[in-house]
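Me: I'm new to reading protein models and would like a close look at one part of this one. Could you walk me through it slowly, and then show me what lies around it?

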Amino acid sequence: MPSATSTTPPPPEFRVLIVGGSYGGLCAALTLLDLSRGQVARFNFTENPQPPSRKIPIQITVVDERDGFYHLIGSPKALACDKFASKTWTRFDDIPALQTPSVRFVQGSVNSVDCQSKVAQILDTNTKETRKEKYDFLIASSGLRRVFPTVPQSLRRDEFLEEAKSHMDEIRKAQDGVAIIGGGAVGVEMAAELRILHPDQKITLIHSRDRLLSAEPLPVEFQDRVVSVIREAGVKLILGQRVVGTTTIETEGGRRIWHLTLADGRSIYAGHVMNAVSKSIPTSSYLPKEVLNEEGYVNIRPSTQFLEDIPNAEHHFAIGDIASWAGIKRCGGAMHMAYYAANNAHQLMLSADKPEFIALERSPPVIGLALGKNAVSYTPDQGTRDGEELHESLFGKDMGYSICWNYMKMSEPCEA
Ligand SMILES: Cc1cc2nc3c(=O)[nH]c(=O)nc-3n(C[C@H](O)[C@H](O)[C@H](O)COP(=O)(O)OP(=O)(O)OC[C@H]3O[C@@H](n4cnc5c(N)ncnc54)[C@H](O)[C@@H]3O)c2cc1C
């Protein structure tokens, strides 16, 4: 017989490991925090949402190679303007909404994951040691591996500010103009942004195909509109030409000039060259091969869980850019999937037998480009649109930084 003073043991604490603390990873952490505290999730916009029936003890570990949240969308401006750069990177310790003992940040790299034993190996940046982390649920949100100057390569805020400043200085000093190679989403945004930030610089954008954004599943009308907006912004556009040679020349005054040779034999000279061509690849090398498709993206179900044939698949989720899911990779998509993954993991915590999952729907291609003061967008419903008002509604005054930050409610302190 239990004595009168005996108490029931506390419910088990669920350990959630989140790989990558960007749009997807942080939205998942915030959703789980809300739900575990018996509150409606901040990203639940359904009519008359009901809070969970009870609170659940939870311990979230977010591992990221960076020491903070970096607003990736702002990169075309941040890497050309040190003042803006300072706004776009917030150390995890400085995000009020995530300051709670229920969330722990580890700066490091997840090297491997064993789905069977539910153990991850983490190389900790500070201790330089690899350690094992046991988890109950894993959310993979580590995105794509991107090169400079698409994204900064620094992993600490202070180093990033230096990196942005030195890049900005190079652009400013480039007396013979700046050439950007690659007219995908990143290249066109860079070109337009540089025209605004450095209006005296000659900016040339070179793309190998006849149409900009040729790799995306977008209508020709959208691609053509981007061409007009880019030209109106004062960018010199060269289409249908591959860069076949790059050499540097030292002038008598000690200045370095880039000499680019195009496929038709033309020569282009520039004081600074930015390569926006490289294909970004998924960061999924830490996951077992069986969970990936041939390109390295994680195969998921509409619940965002790994496919059924993986051991403990129900406890493993993938969201954002790393997940194989229809549509153009976008930060809004990463946030949306994060809410689904966290909600579904929470359902399993509440009731492993009768979870009520929410399921992603196929997303059509949708895109919004910040092109200096202008923006161009495409959605299947509204077609192609552009204009300064559109820019204001999609990106505000800071390349979408405040829109994302406020959507995540990152300034609101976490209540106990
Ligand atoms: C220049 C540029 C402009 C863009 N503009 C827009 C836009 O205007 N609108 C829009 O919707 N989308 C835009 N995008 C796309 C958008 O940024 C991505 O879709 C979004 O960042 C995906 O978020 P995520 O959380 O999945 O991954 P990411 O934002 O890529 O974050 C992944 C995180 O995981 C970390 N990480 C990686 N590997 C590991 C590991 N092994 N261990 C631990 N941590 C790891 C990284 O450090 C990073 O913090 C843009 C992208 C770029 C590059």
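Reply: Let's begin with Thr 304, which counts as buried because its relative accessibility is 0%, and the cut-off for buried is under 20%. Keep in mind as you look that this is a predicted model. You can find Thr 304 in the loop between strand 18 (298–299) and strand 19 (316–318). Its backbone is worth a look too: phi is near 75°, a positive value in a residue other than glycine.

Look for Lys 118 in the loop between strand 5 (103–114) and strand 6 (119–124). With a relative accessibility of 13%, Lys 118 is also classed as buried.

Another backbone feature to find is the cis peptide bond between Phe 148 and Pro 149, where omega is about 5°. Pro 149 sits in the loop between strand 9 (144–145) and helix 4 (157–173).

Now for the interior. In soluble globular proteins, nonpolar side chains tend to be buried together. Here the largest nonpolar core has 88 residues, and Ile 60 and Met 408 have the most contacts inside it. Helix 7 (residues 331–350) gives the largest share of this core, 13 residues. The core lies between domain 1 (14–148 + 280–363) and domain 2 (177–277 + 367–395), because both give residues to it. A second, separate core has 30 residues, including Met 190 and Val 227. Returning to Ile 60, and leaving aside neighbours within four places in sequence, its contacts include Val 16, Ala 29, Leu 33 and Val 103.

Finally, turn to an open sheet of three strands, in the order 21-22-23 with antiparallel pairing. Strand 21 (367–371) and strand 23 (383–386) are the edge strands, each pairing on one side only. Neighbouring strands here are turned by 10° against each other on average, direction ignored. Four bridges join strand 22 (residues 374–379) to strand 23, and Thr 379 stands opposite Gly 383 in strand 23. Helix 6 (residues 220–232) lies across strands 21, 22 and 23, running at about 180° to strand 22.

Definitions and conventions:
Residues are numbered from 1 along each chain as its sequence is written. This is a predicted model: local features need pLDDT of at least 70, side-chain atom pairs count only at pLDDT 80 or more; totals for chains, interfaces and linings use all residues. Side-chain values use heavy atoms; hydrogens and water are left out. Two strands pair if DSSP finds at least two bridges between them. Helices (H or I, at least four residues) and strands (E, at least two) are DSSP runs, numbered from the N terminus. Axes are lines fitted to C-alpha atoms, for helices over the stretch in contact, and angles run from 0 to 180 degrees between N-to-C directions. Contact means heavy atoms within 4.5 Å. A nonpolar core is a set of buried Ala, Val, Leu, Ile, Met, Phe, Trp, Tyr and Cys residues joined through side-chain atoms within 4.5 Å. Buried means under 20% relative accessible area, exposed over 50%, partly exposed in between (1.4 Å probe, protein chains only). Domain bounds come from an automatic or database domain assignment.
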